[in-house]
Amino acid sequence: MHAKGVRGGQLKVLSRNQIRDVHYATLDVLQHTGVVVHSEEALKVLDEAGADIDYEKERAWIPPHLVEEAIRKTPHGFRLCGRNPKKYCKLEGNRVYFCTAGGPPHVLDLNGKRRRATIRDFENLVKLTDALENIDMAGAGIHGMVEEIGLPEAVQHAREFLRTLKNTDKPCGLLEAGRGKDQAIDSIKLACAVMGDLKKLRRNPMTRCHVNPVSPLILSKGLIESAIVYARHGLPIHFGSEVLGSATGPTTLAGILVQLNAENLSGVVVAQFAASPEHRPPILYGCISGILDQRTVVPALGSPEAGLINAASTQMAKYYGMASRGSGGYTESKIPDAQAGYESMMTLMMTALAGTNLIYASGGLEPGVLSISYEKYVLDNDMIGMIRRIMDGFRITDETLAVDIIDKVGPGGHYLAQKHTLKFITKEHYLPTIFDRKNYERWVQFNSENIRKAARDRAKKILEEHQPEPLDKDVEKDLQKIIKQIEQREIKS
Amino acid sequence: MEKKFQQKLVKAGILVIKKKEILNMLRECIVNLNIEEIKQTCQDALAVGIPPVKAITEGMAEGMNIVGERYEAGEYFLSELIVAGEVMKEGMKVLEPHLKKAEIKKLGKVVLATVKGDIHDIGKNIVATLLDAAGFEVIDLGVDVSAQQFLDKVREVGADVLGLSALLTTTLLYQETVIHNLQEAGLRDQVKVIVGGVPAGPEWAEEIGADAYAENATEAVAVVKQLVGA
């Protein structure tokens, strides 16, 4: 966990003029094609702001000045906190943070078997995230555990909230509302119980609303109404458009970007015009877009195109002065194999170098991230360590230029016993925790056969030894109380 | 009388504790690569009456063992291993003049060098440092050393062990030449030969009739100890 983040922004896939072209094209779409909004409440917000509304068709045409006004009203970024407010991600500028995957119903377990996930898996994966040194944020395990199938969504969600907090004090990904107003209010209540009150929560937001527009160009009722709840409380909202090029969006990368941008910005307009001027909600401008693979009919998010779209989306967010969220570490592979390594590294590296503030989904597998792998959590952790090193780049000072040391050692000497060496070795060189650099003989000698075994061994070791910072007992009691109330409400109805 | 006796005991007690403490400090100096304090700590050891041999075997050498283990376990870097050897050398400068002649007896004489055609010596130097720290008399002939030079030195000093280093696949072959020449000269039975270097390996050592191969410097020390029966 590195609260200050590592700086990206070295990679630019769009020029300034191209960014403007995308922006103007987006304004064109929002004004002339418009969006469908399945919520009277949200339509009213747009209506009062000055958009053209057709209530019957639930459609809104948003003029450019409203879009640009909403962009101006949006804060530059925000600090997403863990229950320990000292552990946070400053989502702004070129700072980059890495988050593990969460949400899938399956795990690839420590015996290499793919199966339905259990509560135990959920806890284990959050605990792993808590321990892994290069991971900043817990994507938080799984969704839809075997033991809880059939339970109301809101109950599952609230229990996951507590389960996550018990196993990590890092910022968390799953503490998000998005499936309806009730759940949004539940999440805010739960988070207030942790932080103390709404004011403190606003200063140290540990929950955010998660909105995926439905491509093409639809805002669903539950999601946008949750966003309005968060907006009115001045709490962060993530809009993450999920365009699949050639299916739910145009085939061209530029076209995907325009539609993604239009969907995200339509949400931003609703959020900022719903909010009160005293408490503007910070926005996380997200991208979960890629292409559809037309042969297998699955979303390809480990594709080079997805890498480009994510990098471009981050550039759009920066152009608007908003925090960005992108997808990195994605793979369509079913096991942590060579394909998984290549695809994950490519998408992680692209988003990291683009300067995406929050990079989501390390440790996942399969199209649509349908499973999570213990091994890949550990493998991606090393990969992120390497990427961090690359992003750190060169530090040029007299001391690092090392002229004095080069002179001292002279031709034919060696640097192994120099103080300079000991001083800088861990600062300048990243040492992978499990990637194997032994020579052939040692590799044979230690029976290291393959990296998956090393990853499994480290995962097991962490799960045996790691103790997350315990959750305050009173806070836990308060959360239990709120969860009880939610259970009573939901199970009655 | 009784009081005096007690005082004596206390005094003796303090002395025991202090000696133990200093031995610990010697060990810690090595483990923590504390080159600034090793000399003073060695002097302290002599001042409280620790025999210099004990200061080495129960102090610094134990530190070296710990460093070696940590290096093997991947906890210490190569640089730390080498610096530890140098710290030990510094300490030896203080202790050595106080060793009795009989105590100076080394574990054995090792002649080593990088073979002809090759000027890579980092690995060989590390092995030399660690052998020295382990108590061997090390005669380092440097780099680009011919078979004849090896033979002359082995004969001159009566070496127990001959170490041949090579980094290049092309110069590796010269290790065989040296062994061949040793045989021709009738010296092969008098000296154990150990080979090392990136392209070498246990199979290679066997193929050319060497006595041993070591994969890295800490292993080399263990292997050379075995060769001389120490």
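Biologist: Where in chain A is A:Glu366 found?
Modeller: The model is a predicted one. In it, phi of A:Glu366 is near 80 degrees, a positive value in a residue other than glycine. As for its place, A:Glu366 lies in the loop between E20 and strand E21 (371-373) of chain A.

Biologist: Is A:Glu366 buried or exposed?
Modeller: A residue counts as buried if 20 or more other C-beta atoms lie within 10 Å of its own. Around A:Glu366 there are 22 other C-beta atoms within 10 Å, and therefore A:Glu366 is buried.

Biologist: Which residues does a cis peptide bond join in chain A?
Modeller: The loop to consider is the one between strand E11 (208-211) and strand E12 (218-219) of chain A, where A:Pro216 is found. Omega is about -5 degrees there, and the cis peptide bond joins A:Ser215 and A:Pro216.

Biologist: What covers the buried residues of H11(A)?
Modeller: Helix H11 (residues 338-354) of chain A has 17 residues and reaches 24 Å from its first C-alpha to its last, close to the 24 Å expected at 1.5 Å a residue. Its buried residues include A:Ala340, A:Glu343, A:Ser344 and A:Thr347, as well as A:Leu348 and A:Ala354. Among the elements that cover them are strand E7 (95-100), helix H10 (304-320), strand E18 (323-327), strand E19 (358-362), strand E20 (364-365) and helix H12 (374-392) of chain A.

Biologist: Which residue just after H11(A) takes a positive phi?
Modeller: Helix H11 of chain A spans residues 338-354. Just after H11(A), a positive phi of about 90 degrees is taken by A:Gly355.

Biologist: How many residues apart in sequence are A:Ala193 and A:Val475?
Modeller: A:Ala193 belongs to helix H6 (residues 181-195) of chain A. With 20 other C-beta atoms within 10 Å, A:Ala193 is buried. Not counting residues up to four places away in sequence, A:Ala193 touches A:Val475, A:Asp478, A:Leu479 and A:Ile482. From C-alpha to C-alpha, A:Ala193 and A:Val475 are 6.6 Å apart in space, yet their separation in sequence is 282 residues.

Biologist: Is H1(A) oblique or roughly parallel to H9(A)?
Modeller: Helix H1 (residues 16-33) of chain A and helix H9 (residues 253-274) of chain A have axes 9 Å apart and pack at an angle of about 60 degrees. That angle makes H1(A) oblique to H9(A).

Biologist: How do the residues of the contact of H1(A) with H9(A) divide by class?
Modeller: H1(A) passes H9(A) in a right-handed crossing. From H1(A) come A:Val22, A:Ala25, A:Thr26, A:Val29 and A:Leu30, which meet A:Ala254, A:Leu257, A:Val258, A:Asn261, A:Ala262, A:Leu265 and A:Ser266 in H9(A). The residues of this contact divide into nine nonpolar, three polar and no charged.

Biologist: Are H3(B) and H4(B) roughly parallel or roughly antiparallel?
Modeller: The axes of helix H3 (residues 52-72) of chain B and H4(B) come within 10 Å and cross at roughly 175 degrees. Angles over 145 degrees count as roughly antiparallel. H3(B) and H4(B) are therefore roughly antiparallel.

Biologist: How many residues of the contact of H3(B) with H4(B) are nonpolar?
Modeller: Among the residues that meet are B:Ile56, B:Met60 and B:Met64 in H3(B), and B:Leu81, B:Ala84 and B:Met88 in H4(B). The contact has one polar and one charged residue, while its nonpolar residues number eleven.

Biologist: Which element gives the largest share of the side of chain B that touches chain A?
Modeller: Eleven residues of chain B are in contact with eight residues of chain A. On the side of chain B, the elements that give two or more residues are helix H4 (78-95) and helix H5 (122-134). The largest share, six residues, comes from H4(B).

Methods
Residues are numbered from 1 along each chain as its sequence is written. Chains are lettered from A and ligands numbered from 1 in the order in which they are written. This is a predicted model: local features need pLDDT of at least 70, side-chain atom pairs count only at pLDDT 80 or more; totals for chains, interfaces and linings use all residues. Helices (H or I, at least four residues) and strands (E, at least two) are DSSP runs, numbered from the N terminus. A residue is buried if 20 or more other C-beta atoms lie within 10 Å of its own, exposed if 12 or fewer, and partly exposed in between; C-beta atoms are placed from the backbone. Two residues are in contact if their C-beta atoms, placed from the backbone, lie within 7 Å. The expected span of a helix is 1.5 Å times one less than its number of residues. Axes are lines fitted to C-alpha atoms, for helices over the stretch in contact, and angles run from 0 to 180 degrees between N-to-C directions. Angles under 35 degrees count as roughly parallel, over 145 as roughly antiparallel, 65 to 115 as roughly perpendicular and the rest as oblique. Ala, Val, Leu, Ile, Met, Phe, Trp, Tyr, Cys and Pro count as nonpolar, Asp, Glu, Lys and Arg as charged, and the others, Gly among them, as polar. A crossing is left-handed if the near helix is turned anticlockwise from the far one by less than a right angle, and right-handed if clockwise.
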